[in-house]
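Hi everyone, thanks for coming along. Let me put the structure up, and then we can walk through it together.

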Amino acid sequence: MQITKAEFKCSSERISQVPKDDLKDIAFIGRSNVGKSSLINMLTARTGLAKVSGTPGKTRLINHFRINDAWYLVDLPGYGYARVSKGERDRWGRLMEGYFADPELMTLGVMIVDARHKPTADDCTMAQWYRDAGCPFVVVANKLDKLKKSQVEPALQLVRETLELTEADILLPFSAEKGMGKEDLIRLLVQTCGG
Ligand code: GDP
């Protein structure tokens with residue numbers, strides 16, 4: 001199973017601008033600098049598709065990428081970057097609330113956390129948003145390459161406990177840098193959306 005076609009569809013700064021066609025959304029979200037853009041580029045094998053930003057928190061848009069002409073990979077703006085104004089944060093909140101409130105939009109959420117650290121309060125809030133929206137989500141524990149082998153299991157356990165994941169929830173060990181976990185994630189996405 002592969003992603004054979006990935007093209008940029010549009011950027012939305014308001015919820016009224018997001019595509020409302022038949023294609024399902026798989027929405028990627030994570031704290032700024034967690035490696036979301038790197039992961040999207042790695043998955044789609046397109047280096048420049050999502051911008052790997054030197055300045056975390058800069059992107060405040062919802063980006064839609066059309067995958068295999070079958071579904072949208074949705075790059076939701078990152079959160080948790082300290083150096084943004086209250087106005088920017090409020091705008092982010094309104095945009096996200098609008099997105100999560102529309103049951104037509106999201107089919108699956110992919111939430112990315114940094115495997116090296118205990119998930120933050122913002123990460124926990126995000127997981128709760130998915131639960132409240134009634135939307136299935138998988139958690140990707142990125143940057144696993146930065147851990148020693150002996151640290152991996154305890155780190156994954158900490159993510160599970162902090163985000164209050166159940167046995168049924170999927171937690172994928174991952175490294176966007178090394179390509180680890182790629183096949184598992186693509187299989188999951190393609191199973192969910194076809195194509
Ligand atoms: P975003 O803000 O979430 O889109 O994060 P970026 O994709 O811009 O990545 C932030 C930084 O983390 C960059 O310096 C990436 O090279 C680095 N990075 C991303 N994924 C990994 C990973 O799996 N392992 C390591 N070691 N570094 C990563």
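Which residues in H1 and H5 meet each other? From H1 they are Leu39, Met42 and Leu43, and from H5 they are Lys182, Leu185, Ile186 and Leu189, where contact means heavy atoms within 4.5 Å.

Before going on, a word on the source: this is a predicted model, where local features need pLDDT of at least 70, side-chain atom pairs count only at pLDDT 80 or more, and totals for chains, interfaces and linings use all residues. Residues are numbered from 1 along each chain as its sequence is written, and side-chain values use heavy atoms, with hydrogens and water left out.

The contact of H1 with H5 divides into six nonpolar residues, no polar and one charged. (Ala, Val, Leu, Ile, Met, Phe, Trp, Tyr, Cys and Pro count as nonpolar, Asp, Glu, Lys and Arg as charged, and the others, Gly among them, as polar.) The axes of H1 and H5, residues 182–193, come within 11 Å and cross at roughly 80 degrees. H1 and H5 are therefore roughly perpendicular, a label for angles of 65 to 115 degrees.

Now for the second pair. The axes of H2 (residues 86–101) and H3 (residues 121–133) come within 10 Å, crossing at roughly 30 degrees. H2 and H3 are therefore roughly parallel, which is the label for angles under 35 degrees. On the H2 side, the contact includes Trp92 and Phe100, and on the H3 side Met126 and Trp129 are among the residues.

Finally, the ligand. Around the ligand sit 17 residues, and the closest are Asn33, Lys36, Ser37, Ser38 and Asp145; being near means having a heavy atom within 4 Å. H1, residues 36–44, gives the most to this shell, with three residues.

As for polar contacts (pairs of N or O atoms within 3.5 Å), a side-chain N or O atom of Asp145 is 2.7 Å from a ligand nitrogen. A polar side-chain atom of Asn142 lies 3.1 Å from a ligand oxygen.

Note on methods:
A polar contact is a pair of N or O atoms within 3.5 Å; within protein, one must be able to donate a hydrogen and the other to accept it, and residues adjacent in sequence count only if both atoms are side-chain atoms. Helices (H or I, at least four residues) and strands (E, at least two) are DSSP runs, numbered from the N terminus. Axes are lines fitted to C-alpha atoms, for helices over the stretch in contact, and angles run from 0 to 180 degrees between N-to-C directions. Angles under 35 degrees count as roughly parallel, over 145 as roughly antiparallel, 65 to 115 as roughly perpendicular and the rest as oblique.
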